[in-house]
Amino acid sequence: MRKQNKINFGARKKKKVDAKKVAIVSIASVVIVFVGAKGIGATTAFIQEQRQVKIEMDKKAEEERILAEKKRKEEEEKKKMVIGVNHNGKEDSYDAIEIAKKLKAGDYSNNGEKIVFLTFDDGTSTTVTPEVLKVLDENNVKATFFLTGENIERGGQKAKDLIKQEFEKGHAIANHSYSHNYKILYPQRTLNLESFNADFKKTDDILKDVLGPYFSTRVIRCPGGHMSWKGMEPLDAQLEEKNMASIDWNALSADAEGRKKNAQQLAEYAIKTSEGKEIVVLLMHDTYGKEQTAKSLPQIIKHFKDNGYAFKTLA
Ligand SMILES: [Zn+2]
């Protein structure tokens, strides 16, 4: 446009035309300059607009790239997550939510397929847990350990090493609170969800400390049993939201109730309480003082093997 204007002025000077022509040419020039200026303005605005569009497109592309990268990283993190059991233990694990539903409904049928879950509470102990692990190993069966943080800390590094051993052998690791203190968890026999969550989180943190930051479990057992307390509805809602399961039991060796029993009596109790059930969740304890439980275990395992049960873990 500028070039065109110059040419017009140049033409006027060269031809030396009369005043009228000069005036017309001048007006025409002014019009051209005006229109031209307007055109330049419009062009500049257009270029700026285009530039703006490009900046915004680049920005959007960058945002999309960052989002895709974030998603990719999240997927990668997800793959590293370990829930309840390690890779080898997965084939023996069973959906804990399904079992929790069955237990709650009192429905222990399983289409003719018999499964037993050996569960051990309140560990880790440095005295009984090693014996339990030895028997499980000898019989090549897997179990679920419901751990309490306080006992893990009580056992120090030795207890932590035992958890690692449990995990590495393919047993399932679950949370059974930190304190196991009914007064903290359920004051006046009623759930205090805030205290409950804080208490369970402590054990979660310990488990992450022992098994790595990618470890988590979606299985808990309420100390004293979910069935024993009032006001549990908020916990149930929370568990459902988090895709977690609270597991009680439908059979027990009674190694923590009534009169102290010897190994034979414990085994008999376990067998009696699991009779006629295709799904058996057997409650036992591997905490301090439960030496007889470890001794009863070979007989208990033999009974379930002889009766065609598959040994599964809760994860
Ligand atoms: Zn317990």
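**Exercise 1: helix 4 against helix 10**

Helix 4 and helix 10 are roughly parallel to each other, a term that applies to angles under 35 degrees, whereas angles over 145 count as roughly antiparallel, 65 to 115 as roughly perpendicular and the rest as oblique. The model is a predicted one, in which local features need pLDDT of at least 70 and side-chain atom pairs count only at pLDDT 80 or more, while totals for chains, interfaces and linings use all residues. Residues are numbered from 1 along each chain as its sequence is written.

Task: at what angle do helix 4 and helix 10 pack, and how far apart are their axes?

Solution. Begin with the axes, which are lines fitted to C-alpha atoms, for helices over the stretch in contact, with angles running from 0 to 180 degrees between N-to-C directions. Helices (H or I, at least four residues) and strands (E, at least two) are DSSP runs numbered from the N terminus. On this basis the angle between helix 4 and helix 10 is about 20 degrees, and their axes are 9 Å apart. Next, take the handedness: helix 4 passes helix 10 in a right-handed crossing (right-handed if the near helix is turned clockwise from the far one by less than a right angle, left-handed if anticlockwise). Finally, list the residues in contact, that is, those whose C-beta atoms, placed from the backbone, lie within 7 Å. E131, V132, V135 and N139 of helix 4 meet A294, L297, P298 and I301 of helix 10. By class, the contact of helix 4 with helix 10 holds six nonpolar residues, one polar and one charged, where Ala, Val, Leu, Ile, Met, Phe, Trp, Tyr, Cys and Pro count as nonpolar, Asp, Glu, Lys and Arg as charged, and the others, Gly among them, as polar.

**Exercise 2: the faces of helix 4**

Task: which residues of helix 4 are buried, and what covers them?

Solution. A residue is buried if 20 or more other C-beta atoms lie within 10 Å of its own, exposed if 12 or fewer, and partly exposed in between, with C-beta atoms placed from the backbone. In helix 4 (residues 129–139), the residues T129, V132, L133 and L136 are buried. Seen down the axis of helix 4, these buried residues fall within an arc of 100 degrees, so they line one face of the helix; the arc is that of the directions from the helix axis to the C-beta atoms. On the other side of helix 4, K134 and E138 are exposed. The cover over the buried residues of helix 4 includes strand 3 (115–123), helix 5 (149–168) and helix 10. Just after helix 4 comes N140, which takes a positive phi of about 55 degrees.

**Exercise 3: two further helix pairs**

Task: how are helix 9 and helix 10 oriented to each other, and how is helix 5 oriented to helix 7?

Solution. The axes of helix 9 (residues 263–274) and helix 10 (residues 291–306) come within 8 Å and cross at roughly 45 degrees. Helix 9 and helix 10 are therefore oblique to each other, and their crossing is right-handed. Helix 9 contributes A263, L266, A267, A270 and I271 to the contact, and helix 10 contributes Q292, T293, K295, S296, Q299, I300 and H303. This contact of helix 9 with helix 10 has six nonpolar, five polar and one charged residues.

Turning to the second pair, helix 5 and helix 7 (residues 193–211) pack at an angle of about 45 degrees with their axes 10 Å apart, which makes helix 5 oblique to helix 7. Helix 5 passes helix 7 in a right-handed crossing.

**Exercise 4: loop residues**

Task: where do H180 and Q188 lie, and is each of them exposed or partly exposed?

Solution. H180 lies in the loop between strand 5 (172–175) and helix 6 (182–185), and has a positive phi of about 60 degrees although it is not a glycine. With 19 C-beta neighbours inside 10 Å, H180 counts as partly exposed. Q188 lies in the loop between helix 6 and helix 7, and has a positive phi of about 50 degrees, although it too is not a glycine. Q188 is exposed, with 8 other C-beta atoms within 10 Å.

Methods: Two residues are in contact if their C-beta atoms, placed from the backbone, lie within 7 Å.
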